[in-house]
Amino acid sequence: MQNGGEPRQHTIAVLVENRFGVLSRVAGLFSARGYNIESLSVGETLDPSVSRMTIVVHGDEFVIEQVMKQLHKLIDVIKVSDLTDDDHVERELMLIRVNAEPQHRAEIMRTADIFRAKIVDVTPSSFTIEATGDEGKLEALAELLRPMGIQELVRTGKVAIARGPKTRARKAAGEGARRARISDDPRVIGFAD
Amino acid sequence: MKTSGARIVLECLKREGVDTIFGLPGGAVLPIYDALYDFEGLRHILVRQEAAAGHAAEGYARTTGKVGVCLVTSGPAATNLVTALQDASMDSIPIVALTGQVPTHLIGNDAFQEADNCGITRPCTKHNFLVKDGKDLGPIIREAFHIAATGRPGPVHIDLPKDILVKEAELIWPDKVQLRSYNPNYDGHPGQIKKAARLMVQAHRPVLYVGGGVISSGAHAELLELAELTQIPLTTTLMGLGAFPSEHPLSLEMLGMHGTYYANMAVHASDVLVAIGARFDDRVTGKVELFAPEAEIIHIDIDPSSISKNIQVHVPIVGDCRRVLRALIDAVREEMRDEVPSLAREARTQWLAQIAQWREKQPLRYEWDDQLIKPQYVMQEISNLTRGEAYVVTGVGQHQMWAAQYYKFKYPRRWCTSGGLGTMGYGLPTAMGVAAAHPGALVVNIDGDGSFVMNSQELATCYDYNLPVKTIIINNGGHGMVRQWQEIIYKGRFFAVDLDRSPDFVKLAEAYGCVGLRASRPSEVVPALEKAFSTPGPVVVDVVVDKWEYVFPMVPAGGANKDMILDRPNKAVKDNAAKSQTGF
Ligand SMILES: Cc1cc2nc3c(=O)[nH]c(=O)nc-3n(C[C@H](O)[C@H](O)[C@H](O)COP(=O)(O)OP(=O)(O)OC[C@H]3O[C@@H](n4cnc5c(N)ncnc54)[C@H](O)[C@@H]3O)c2cc1C
Ligand SMILES: Cc1ncc(C[n+]2csc(CCOP(=O)(O)OP(=O)(O)O)c2C)c(N)n1
């Protein structure tokens, strides 16, 4: 469709009923409608009957609007929020096993240190490093370790959380960035939460 | 008191107000069939193929406004049902489908007649459930009916493992259904409604574009009031037929690929387009960039995901058509109290005159022939003889479009057609469901010789239960719609399109115990139809028509609506159509 703006990455938080089949409903929606999921992570919340998914998806405004509406349309979905333009914190965890030749061991440890990563397992020929952070940090770390020979790398996908209730100062600062839109009204956009 | 899961299922259906179930038994659901043996108050209609049970439930639902119910066994029966579920999904028809499943301890073992029913139906239902505990039966059945019937209606599937049906459990019946994750929004936003009212009153060239949502919401009376109050001309989609009387002076009839010239021209030239319970399907919009290019679009829909999906709209209103139209009528009255700019009044008079001109220049038309029966003529006569009051069901193809164009609809909920999925074979079983729901009513199934045989086995069911469906086969010796596309878009390279060795439909009807009639010349049409409508029980009329008759207007898929093909095209037109064509 016209004028959807530039495609970009969005981080969407989805609260779902913790029920049989809910993950495949969400995953199925993305494949059926041809949206690109970049990552998806799921876990329980404080209320064990509710799970929380963090979905990273690439698209322009129109695609994202449809993604949100379609997610919301799933009967087991309780709430959908796009955190991208709101104040939020996001993190991802990465485990990386890297060759540890004697001449590289010190450098690897130093690099891990700088990235506040932990060495969580050691063998005569390898280190396993655990790191958390945003995407940029994890990619930078992986890049620095690549010359030593990465044996295996796993990432959890992103989790994200909105920052706490706004303080007056932060609210004022954020005001310009995101003014209330009429489409925030559930009767316009239709999310009757 | 504890009772078997099977009895719980039946008891819950009864409490939901179900009176008829369309089904076909098999191992996994035999406990339910055993319980039906002496259960009072539920009529079971035994169909001959499971898809037919689903379509029958659709016909029942669309024409009554209630939820239709079908019941089939596991594995192949559930997979047979899939087409009907997707059909109901696309056309927003509320049905509840019950399937059997292997016992819980065997699920996932490739047990006999096992299929991942819930996995298979997930993308083609509004929601589905696998019951894993007998005490959940009541709450799940309640939720299923609630979900099917509310918001944007749709099919809901419940998978019932055999052991759950056999074991005894307590019947739990919640007073009401409350789902924290599902709360459709019914009332439109007052600010948006006011905005819409202002646009409508001030518009110079407004059009109402009405869809199936008006039928499901029962908003036809409000629609009539709004149209007459504002004097805005109105066009409906294929699914919206019957929401507004076809012969009303403001009616432009159907728009879209095979819509009328005047409807498509009016929409194209409109400056304010009000979409009411319609979803901007590609058969309606044609090339999206060229659809109503000058219009401010107002869109009323209960499903937010319908809004700004295909076309960006200017005034979205999420809510139920009926409630929103009520509020809109009040808002329009309010707006009209202030002086309507004389400019607008002037423009509106011109607008209606312009539309009258389009209507006069290009009415729906066909050439009469003394020897060959023209299919359009058959539709006109069906419409005349039934005074636009019959229940009409169709197959898919040219005959479906002619029925849509030439039947003069008077009332809502009397028209069933497969719009979104275009399911050939939909006609007879759906008509059967309609007949089961409306004893004594005239139910006409307008079918194609291709579509009809996809579910003609259901003549047996019609005969068995004396469901007096009158099937009119528009027999053009082939897949007419395909023939039309192959000529117009594929340079006349006809392939796999002739059905000149179809069975003798008169004898076929008789073999099933039904009455068979035939009309081969124009003069035989009316007598055959009259005879069919006055003969009790199911009747099939084989009407042999001119196979070279095509449906016009026609917008080649992917073309702009204003560039309709209006007559049998010459080579240049066809070459152009072949170029603009993007898909069937
Ligand atoms: C061979 C063939 C040719 C076709 N040619 C045409 C054609 O020329 N013209 C044409 O129009 N169609 C045509 N169709 C049908 C087309 O494919 C679509 O099915 C049809 O256009 C959709 O109709 P609709 O927009 O009314 O939506 P529907 O499918 O009826 O959907 C209803 C809409 O209303 C909403 N709704 C439901 N309930 C409510 C409520 N209570 N309140 C508010 N909103 C509600 C829903 O969310 C949905 O958006 C053709 C089909 C076939 C098979
Ligand atoms: C199940 C199914 N298969 C194939 C099609 C593709 N298709 C659309 S119309 C048509 C021809 C229909 O022929 P008939 O029922 O005789 O109707 P006619 O067009 O001749 O009136 C076909 C094959 C379809 N819509 N549904």
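Where pLDDT is low, the predicted coordinates should not be read in detail.

Chain B contains 23 helices and 20 strands, identified as DSSP runs (helices H or I, at least four residues; strands E, at least two) and numbered from the N terminus. The radius of gyration of chain B, 25 Å, is close to the 25 Å given by the globule rule for 584 residues, so the chain is as compact as a globular protein of that length; the radius is taken over C-alpha atoms, and the rule is 2.2 Å times the number of residues to the power 0.38. Of the 584 residues in chain B, 62% are buried, where buried means under 20% relative accessible area, exposed over 50% and partly exposed in between (1.4 Å probe, protein chains only).

Local backbone features were also identified in chain B. A cis peptide bond with omega of about -5° joins B:Phe552 and B:Pro553, and B:Pro553 is found in the loop between β20 (539–544) and α23 (571–580). B:Gln113, in the loop between β5 (95–101) and α5 (117–121), has a positive phi near 55° and is partly exposed, with a relative accessible area of 28%.

Residues are numbered from 1 along each chain as its sequence is written, and chains are lettered from A and ligands numbered from 1 in the order in which they are written. Local features need pLDDT of at least 70, side-chain atom pairs count only at pLDDT 80 or more, and totals for chains, interfaces and linings use all residues, while side-chain values use heavy atoms, with hydrogens and water left out.
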